[in-house]
Structure formats: structure tokens, C-alpha cells
Amino acid sequence: MRPVRLTLQAFGPFAGRAVIDFRAALDQRLFGIYGPTGAGKTSVLDAMAYALFGESSGGERGRGHMRSDLADLNTRTFVEFVFELGARRYVVRREPEQVLRSPRRDSRTYPQSAALFDATALAVDAITDDASGEILAERRVRDVDEALARLLGYSADQFRQVVILPQGRFRDLLTASSDHRSTILRGLFDVGVFERAAERLRREAADLDVAVRAARQETEARLADLEAADLDAVDAQLEAATAQARAAADARPALDARRAQAETALLAGRESAARLEEERQAAADLAGAVAEQPHHEGLRLRLERARLAERLSPLEAAARAAQTIAETAAAAAARLGSERDGAREAARTATTRLEASVAQTPARAEAHRARERAERILERVEAAEPLRAEGVVVRAALAGHQAEEARAQANCDRLEADLAQTAAALAAARDRAGQVSALKLRLNELKQALAAARSFDTLALRLASQEDISAQAGTALETRRRAAAEASGALGVARARREERLATVLALSLVDQTPCPVCGSPEHPAPARLPADDGDPDSELEAAESAETTAREALASAERAAGEARVLHQELAQSLAALDRPPRPAAALEAEIAPVELQLADLEKAPSLEEIEAAANGAAEEQTAAQTELAEHRRAAAEAKSRLEALDTVLATELAAVPDDLHDPARARSHREASLKAAEQAEAEHRTAADQNAAAAKALAVAEAALAERQDEVERTGRAALEASDRLADGIDRAGFNATTFAVALGDLAQAAALEAALAAFNARLAAAQARRDRATLAATAAPEPDLEVLQAARIAAEAELEALVRSQARSEAEAQALSLARTRIVETLERQAAAEEAYRHVGALSSLAQGRNDLRMALVDYAVAAYFEDVLRAANIRFDRMSAGRFELRRKTTAQDQRSRAGLEIVVFDAHSGRERDAQTLSGGEGFLAALALALGLSDVVQAEAGGVKLDAIFIDEGFGHLDDESLERALDTLRDMVGEARAVGVISHVDAVKTQIPAGFEVTPGPAGSQILARV
């Protein structure tokens, strides 16, 4: 990671905006950030760490403590960091949660925010607030954190170990515990392949262990199902079942022939019985057809009369049509007579209405005169409207000036009271600011302790829960084992019942003096009897086999679950043992935090000192403005009152001749519209009466002409209907019908086709019945009467004997096949078990070694980390040897300090003066600083060199040089100067003048009352 440009605003001691461009300093390769204590040197590193990880460089200050106490309430706190990773350039911008003054001068809390951009396509100087590049993540802080973690490849804690060596934590890597050091190194070096290999070995070993147990139990279960002690016993059972199947197959041809002979005899008897039954049925059908002949003769007579009536149907249709036409004409004439009478009455009514309208002529003239008077009144009222409108405006202005005068007076009184309270509020605000700072520091310490306690408690709860899960898995395993044993017993019972059922069925088919297909004996003194409710043994056996298979699979699953539960329980126990027990429980810490948070919240609700001072200044300015405004409104109110009185006098003079109720323009217009409407309505009613009278006279003439025409048509159609009726009556008489018989014949005419079809079908059925009776009589002449019961019994006996033999053969073959299949599966299981045992012997041993169960008590991942760490120490000693003048050497301790520590990651220091090794924590302040510096530089070397590691273009060292004497300081700086020209730069943060003299390039931080400033050193 190469820092390019850092921008701070209202951050730490920097009240305004500070921009730090690292490009020139990085070109020098060795530079410094200088300034007196408290100036804000470490805040530069805090800003970089906060931009990348959301926390400070030392990890002590939380996100809520980043804002500058010196910043104005209108200035937003943010950090923008431009950095490069290889050939890519990125911009990250963060803002903490902060309280700012809104445009309405009240306080508002703004939430934290973050954004990440890819600015590779932009030049550094072209990157601005509005042009930052392609958005990679924004809005949600978590998304930005995750994106940065993927880009950087290390965490905040690792960043503090290899990129920024923070003040107060410089020696952490040197004196850290083995577990902490292992965590740091795992994140910096690519040891994922070793972690995956160890996990894969663990899973494979567990799977192989489960496979061995399952194969062993499967073999035992299969032998128990067969009631065999070993594979030889299974072979003996298979040989016996095969012999029984061959004997049944040899006896089957004779029984097949006997069954076929009985079947042929039964078919012949059934054919003879069918011919005799056909003869009887044909005679009965012929007799039934002959009995229906009289009925069908009546149908023939009906058909003949319907055909005769069909010839008269045209005369009947003509008479009916003529009568319909006559009736229609008469109805139309009656309707026209009613219409003529209505037209006469309408004409009389219209004449009366017209006469009444003529009598109203004087009233219409008066309505026209009233309309003219209303128009003159409206003209006067509208002419006075501008005076009235101006009066409304002046009256409203007067009320507004009076209201503003009262408001301004109240505002002056209020501001005087506010100024009296400002002094007391300012003193109280200063006291609160001190209390808030102390409470925030205390709250941060308590929350860090609470997080550690919760982590310990969570892991303890998970361990307790896993103990319950392991116990439940063990109980479930025992339950599955019992269920598997019960299913195996039920399978044996089902097989026995099926054998018993087969023997019973075979006994039912035995015949005296006929050899038994099993034992060959012709005597059957006590054959077995089939129980009344025997069920279905075949279905029961199938269900028992399915249940036994399910139980065995469930047992194997339970064994795998129990093994996985044990492994997870061991891992949780080891993780819990590696943690330090918190000094106080989480509940106690939460109880301490709650009142502190409440007290802090109460204090932060109050206005700040700056807000109170700004409010006092604003009140004084507002009071002066209010007094000026009051005088202006008083003057304007007096002018408006004088103008209003003059307007009222002029308006009264203009409207003196207008009635009082019509002074309002709207009412005058309504009065004019009503008068106009009344005059127009009177004229319209007169015109309507005249038009209606003319229309009624015309309608009466039309109705009388139409009635005369329709009466002539009624007379003509009546004569035509009478002539058609006479022609129909003459035709009925000549055909021999009367009115009733003619109507019946016409009704049968609609059924003529059905009558013809019924007669034809009867004749065909009668002929077919006669032919069937003749054929059946001829076929039954030579057919004897068979005894079907005897033939059926013979056929059933033959089938039963054959079926018994087939079942015996099938049972023997199935048993032989099942035994053969079971033998094959037992052999396969034994082979699988042997292969799994052999594989587990190798994989299990490797997994045990990879998990740390070895002489060194080192897991595979720790061994790989130790190898990397050995390289780190080797690189560190190159510089530590020079900085300590050959006295000290860092060494890796290969044995663990105690039972809970990881072996291979402990650091000891070899002291050439004493010739002995000693603990790194025994080094003095200056010695420890040199050792930590050498270790950090060595770690940086190795991380740079590893292909899978992260790339470090610069590291920063915060303080520590003050612990060194002049000679040690000179050697340390010489070592740092030797790094110039390598692939990274080094920045030192110091207030020591000797460091500043020897490393002039960099930046100078200067404190001041308005906040710190930072400038580049030339």
C-alpha cells in the first residue's frame, strides 16, 4: 500500500482542512512527521487508519471521538485518503457520526458514512469531492469495510503491526502471546493451503472412521438376518435352496399337461351349454315379436290418414293466414281511432293556452322595464367598485402593520430576557464539556472490556450447548442401535410367517395317493390349515425388509452425527481454553455502562458553549432590528388609517341612490340577471304557446286522413278471410274428415317419419327373430347336455396342484437368489471395510499430526507460520545485530511456555554479553524499541518477498526514539537510511530534534489556539 494524499477536516486537533501530499516525501524514501507533544502527529496516522478501517492507529479512540473539539459547529468532520495498490489508485472517504448545526440553527445528528472509489483513470490532482472515480462501495459502512479488506489483504490489527507502528503499542508484536502472534502472522502470510489441507485430513479421517464402523455393523446385521455365523454357513444354505429349486423344475412338465387336458374338457362343455341356451332364447324372442303385430297394424292406419290430411294442409294454411291479416287490419284501425281522439283533445288544449298568453301582454311589458332599471343600478355599483377594493386593501394593510407592531414589541421583550440568561448558561456549558470528555473516555474503556467478556461468554455458551448436543447425539445413537436390532428381529419373524404360509398353501393342494411335490409321500394324514385371518405374509416381509434397511441407514447417519459432535466439542473446548477469563462478568460491565451512557446522553442533550455564545450575539442583533421594524410599522399604520377614512366618505356619496341591499356588486349583478331572465322567460312562454297551437291543428288533420284509409283496408281483408275458410271446409268434407278427425290427422302428420321407421324396424326384427330361431334349432340338434360343475372342479384341482408346485419352485429359487445376493453384499462389505481400515490407518495418523497431536504439539498451520516466522527473525537480526552493536539476537523458542501456549512462536533474546537467552520482555525501553523496530522491518521484508503476501510500499514508526541514547539513535537511523532505495519508504513520527536534524524531509505539525496546521518541510 502506497499513501498518496491525505485530507483531514475537523479531525482531532485539526479544526479546519489539512491536506498532506506524500508524493514528494515518498520520493525521499525516508521522511519524518515532526512537532511538539500534542500537536497532532499521531492524528495523521489515526486519519489513515480511520480511512482504511474505521478506527484509530492505536485502536484506543472509537469512531465517536474523531471530531475536533475546536471545529465550528457548521464544519463537517471527514477524512479522504488517496492510496495506490500496485498499478491501481483508490480513494476512500469516511465521516464519523457527528452533531452539526442545521440551516435552521438547531442541532442535528448525522450518521457515519463511507465511500470507496477506483480512481485509476484520474490523475491525483484531478481527484476532487465531485470527481473521485468509479464507485466501488458507498452508503453502507459495512460494504466499504468488506471491499477494503478484500483489496488490502490485512486487518486493522495487522496494519498496526507491519504498516503503522503506533505510539504505545510499538512492542506488541515483540511481546505478544503465541496465540496473538499466530493470528497476526496468519493474516499476513498465505497459509490457507495448510489450513485447507489440515481440515481436509480431519474430514477424511472422520468419514473413514464412520465408514469402518458402518461396514462392520452392516456385515454383522446381514449375517444375523440369515441366522448364519459366518460366510461358510451362508454357502451351505445357498446349496440346499438350489437343490430344492431343481427338483421342483423337474416335476413341472407332467402337471402342465394335466392342467391343459382339464381346461380343454371344460371349454367343450361350455360351448354345448351355450348352443342349448341360444335355442331357448331365440324361440322366446320370436314369440314376443308376433305378440306385437296388432299394435303395429294400428300404427299403419294412422300413417295412411296423416298422408291424406297432408294434401289438405295448403288450404288450411291459406285460411289461417287470411284470418291473421284481417285481424291485424282491424287492430290498426282501432289504434288510429284512439290517436285521432287524442289529437282533437291536444288541439283544444293548445288553443286555450294561446288565449291565456295573449291576456298576459301588459305583464311582459312591465318585465322589460324592470330589466332596464336593474342594469342602471349595476352600472352605478360597478363604477364604485375601485373605491371599495382600495378600501379593502388599505384596511388589510392597517391590520397587518398593527399585528407586526405587537410582534416586534414582544420580540424585543423576549430578547432582553434571553441576554440576561446567557452568562449563567455559558458557565454551565463549560462545566458540561469537561464532564462529557471524562465520561466518553470511561465509556470507551468499559465497552472494550464488555466486548472481551461477551466473546468469552459466547464461546462458553456454545461449548455448553455443544455438550448437550453431543449427549443428545449419543442418546440418539443408542436409540438407533436398538431400533436396528428390533427391525432385524421383525425381519426374522416376517420370514418365518411367509415360510409357514407357503407350506399351508401347498398342503391345501395335496390329493390323497398323489405324491407331495416336496417330500414325495402319497399319504397326507394331517395337512396344514389356512387360518381365517392370515394377512399378507409377502407384504409383511417386504415391509420388514424395508424397515430393516431404513434402520441400518439411520444408524450409520447417527454414528456420523455423533462423531462430528465430538470433534466440534473438542475444538470449542480448545478455543475456550486459549482465551483469558475476563476479570468481571459481562452483566457487571453492562450495569456500569448503562448509568454512564445515561449521564453522557443527558449532558450531550444540552446546547454547547459555541451555540450559547452565538445565540447571545444573534439576540442582540435581532433586538435592534426589531425596534427599527416597530417604528416603521407604526408610521405605516397611521397613513393607512387616514386613507381608509377618505375612501369611506367618497363611497357613501356614489351609492346614495342605490338601495342598501344592492350596494354589493355581486347582489346587483344577481338582481340584473334575475330581471333579464324574467323578461326573456315571459317572451319564450308566449312563443311556445303559439307554436304548440299550430302543431296540434296539423296533427289532427293527419290523424283523420290515416283513419279513413285504414277503415277501407279492414273491409277488404275481412272478405278475403271468409272466402278462404269456405274453401277449407269444402275440402274436409270431400276427404271424409270432420273438424276433429282432421285435426288429429294433422297432428299425426308431424310423426309420419317416426311411424314409418317404427313399422320398418318391427318388420326387420320379426324377420331376424324367425331366422335366429331356425339357426339355433339346427345348431342344438346334436349338442348333449354337459355337467359343468364336474368339469370345473377337475380344472381347479389341476391348477391348484400346478400352482403349489410353481410356488414351491419360486420360493426355492427366490431363497437361492436372495442368499446369493446377500453373500455378494457381505463379501463387498468385507472388502470395503478392509479398504477403509487401511486408508484410515494412514489418513488418521496424518490428521492427528496436522491437528497438533505430536511431540512438538504444533498443528500443521502453526508449523507453516513458524517457518515464516523463522524467516522474519532471520531478516530482523540482520538489522538488530547492527543496531545493538552485535550484542542481541532474536531467536524462536521451539518449546511451549505452558500447556496452553502454542509451541514454536515464542521469542527469546540471546544476549552475547551474558551468553544466555532471556525473555524479550526483560529488554529495557531503548533495547525493546530497537528489537521491535528490527522485528517490524524484518516482517516487512518477508511479507514483501512472499508471493502470496501483501505489498507494503511504506511503513510508519510513531515515537520511541526518545528512549535511545545518542549512539543507539545513530545506529537506528543508519539502519533506516540503509533502507533508502529499496522497494518501500519509511516515515518516522518524532519530537526529538536529533531525528529531525538527520531526517530533514517530511512534514511539520504546528499547534495553535484555532487548531493545528501541517506543512511540508523543504
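**Val988 and the cores**

I start with Val988: setting aside its neighbours within four places in sequence, Val988 is in contact with Phe31, Gly32, Ile33, Tyr34, Ile957, Phe961, Leu976, Val995 and Ile999. Contact here means heavy atoms within 4.5 Å.

Before going on, the ground rules. This is a predicted model, where local features need pLDDT of at least 70 and side-chain atom pairs count only at pLDDT 80 or more, while totals for chains, interfaces and linings use all residues. Numbering runs from 1 along each chain as its sequence is written, and side-chain values use heavy atoms, with hydrogens and water left out.

Val988 is one of the residues with the most contacts inside the largest nonpolar core, which has 51 residues; Phe189, Leu890, Leu935, Phe961 and Leu976 are also on that list. A nonpolar core is a set of buried Ala, Val, Leu, Ile, Met, Phe, Trp, Tyr and Cys residues joined through side-chain atoms within 4.5 Å. Buried means under 20% relative accessible area, exposed over 50%, and partly exposed in between, with a 1.4 Å probe and protein chains only. Which element gives this core its largest share? Helix H19 does, with twelve residues. A second, separate core has 50 residues, including Leu26, Leu45, Met48 and Tyr154.

Helices (H or I, at least four residues) and strands (E, at least two) are DSSP runs, numbered from the N terminus. Two strands pair if DSSP finds at least two bridges between them.

Three strands form an open sheet in the order E11-E12-E13, paired antiparallel. Strand E11 (888-893) and strand E13 (916-919) are at the edges with a single partner strand each, so one side of each has no neighbour in the sheet. On average, neighbouring strands here are turned by 40 degrees against each other, direction ignored. Axes are lines fitted to C-alpha atoms, for helices over the stretch in contact, and angles run from 0 to 180 degrees between N-to-C directions.

E11 and strand E12 (residues 906-911) are joined by six bridges, and Lys893 has Glu906 in E12 as its bridge partner. Helix H19 (residues 860-883) packs on this sheet, touching E11 and E12, and its direction makes about 170 degrees with that of E11.

H19 also meets helix H21 (residues 966-978): their axes come within 8 Å and cross at roughly 140 degrees. On the H19 side the contact is made by Arg879, Arg882 and Met883, and on the H21 side by Arg971, Ala972, Asp974, Thr975 and Asp978. What is the make-up by class? Two residues are nonpolar, one is polar and five are charged. For these classes, Ala, Val, Leu, Ile, Met, Phe, Trp, Tyr, Cys and Pro count as nonpolar, Asp, Glu, Lys and Arg as charged, and the others, Gly among them, as polar.

**The six-stranded sheet**

Another open sheet has six strands in the order E2-E1-E4-E5-E8-E9, again with antiparallel pairing. Its edge strands are E2 (14-21) and E9 (134-138), each pairing on one side only. Neighbouring strands in this sheet are turned by 15 degrees on average, direction ignored. Strand E5 (residues 88-95) pairs with strand E8 (residues 113-118) over six bridges, and Val91 stands opposite Phe117 in E8.

Helix H2 (residues 41-53) lies across E1, E2, E4 and E5, at about 100 degrees to E1. Helix H3 (residues 141-152) lies across E4, E5, E8 and E9, at about 40 degrees to E8.
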